[in-house]
Amino acid sequence: MQGSDGKFDLGSIEERNILLRLPRFEARFDGSVKTALIAAGMTCAFDGSCADFSAMANAPLAIDDVAHATFLRVDEKGTEAAAVTTVKIVVTGSRRLPDDLPRMIVDRPFLLTIRDRASGALIFFGRISDPTPVEKSE
């Protein structure tokens, strides 16, 4: 018996040899999952008047889109799988910046790191070699 009711227990199964024939296959998905998340009840995060990301920033934020990509290959050599999810967050309101606010314009190559605040562990290290702004194509 299999299912989410806790009855799927491989520990109670007796080990034995079987003949298994499984075709080679490859599966991919690459697209937005925004509609699926909203349909699953995650509506507030996408609504600027409802979303609360105040723990991340002082500006009013909302999720604009969530993209997900997956890859799965099964063949006689084994299984290979990968997945990545990106979340595009946008500022939903604007605040006037003070005129005397110090400015820093990053227009040269730079290094960046992302660290876990609690442990200090390095999660990501990268180099931006061309910080030229990407023009929006609409």
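Me: Buried means under 20% relative accessible area, exposed over 50%, and partly exposed lies in between (1.4 Å probe, protein chains only). With that in hand, is R28 buried or exposed?

Reply: R28 is exposed, with a relative accessible area of 61%. Please keep in mind that this is a predicted model, where local features need pLDDT of at least 70, side-chain atom pairs count only at pLDDT 80 or more, and totals for chains, interfaces and linings use all residues. Residues are numbered from 1 along each chain as its sequence is written, and side-chain values use heavy atoms, with hydrogens and water left out.

Me: Good to know. What is the mean pLDDT of the chain?

Reply: pLDDT is the predictor's confidence in each residue, from 0 to 100. Here the chain has a mean of 85, and 87% of its residues reach 70 or more. Among the elements, helix α1 (residues 34–39) has the highest mean, 96, while strand β5 (residues 122–128) has the lowest, 86.

Me: Now to strand pairing. How many bridges join β2 to β3?

Reply: Two strands pair if DSSP finds at least two bridges between them. Strand β2 (residues 61–75) and strand β3 (residues 78–91) run antiparallel and are joined by 14 bridges. The link from β2 to β3 is a hairpin through two residues.

Me: And which strand pairs with β1?

Reply: β1 pairs with β2 in the antiparallel sense, over eight bridges. To see this pairing on screen, find S32, whose bridge partner in β2 is A67.

Me: I have V87 selected. Where is V87 found, and how far is its C-alpha atom from that of H68?

Reply: V87 is in strand β3. The two C-alpha atoms are separated by 8.8 Å, although V87 and H68 are 19 residues apart along the chain. In a regular strand, side chains alternate between the two faces of the sheet. For V87 itself, the relative accessibility is 46%, so the residue counts as partly exposed.

Me: Back to R28. Which residue forms a salt bridge with R28?

Reply: A salt bridge is a side-chain nitrogen of Lys or Arg within 4 Å of a carboxyl oxygen of Asp or Glu. R28 makes one with E26, their closest N and O atoms being 3.2 Å apart. E26 is partly exposed, at 43% relative accessible area. E26 also forms a salt bridge with R73, at 3.1 Å between the closest N and O atoms. Because E26 lies in strand β1 and R73 in strand β2, this pair ties together parts that are 47 residues apart in sequence.

Me: Which residues belong to the network?

Reply: E26, R28, R73 and E80 are linked in a network of salt bridges. The link to E80 comes from R73, with closest N and O atoms 2.9 Å apart. R73 is partly exposed at 29%, and E80 is partly exposed at 41%. Over the whole structure, the search finds five salt bridges.

Me: Which residues form the disulfide?

Reply: A disulfide is a pair of cysteine sulfur atoms within 2.5 Å. The structure holds one, formed by C44 and C50 with their sulfur atoms 1.8 Å apart. The torsion about this S-S bond is about -105°, so the disulfide is left-handed. Both ends are partly exposed: C44 at 29% relative accessibility and C50 at 39%.

Me: Finally, which residues make the nonpolar surface patch?

Reply: I18, L20, L22, F25 and L72 make a patch of about 510 Å². I18 is in the segment before β1 (25–32), and I18 is exposed, at 64% relative accessible area. Patches are made of residues with over 30% relative accessible area and no salt bridge, joining like charges within 9 Å and nonpolar side chains (Val, Leu, Ile, Met, Phe, Trp, Tyr) within 5 Å. Accessible areas come from the Shrake-Rupley method with a 1.4 Å probe; for residues, only the protein chains shown count as cover.

Technical notes
Helices (H or I, at least four residues) and strands (E, at least two) are DSSP runs, numbered from the N terminus.
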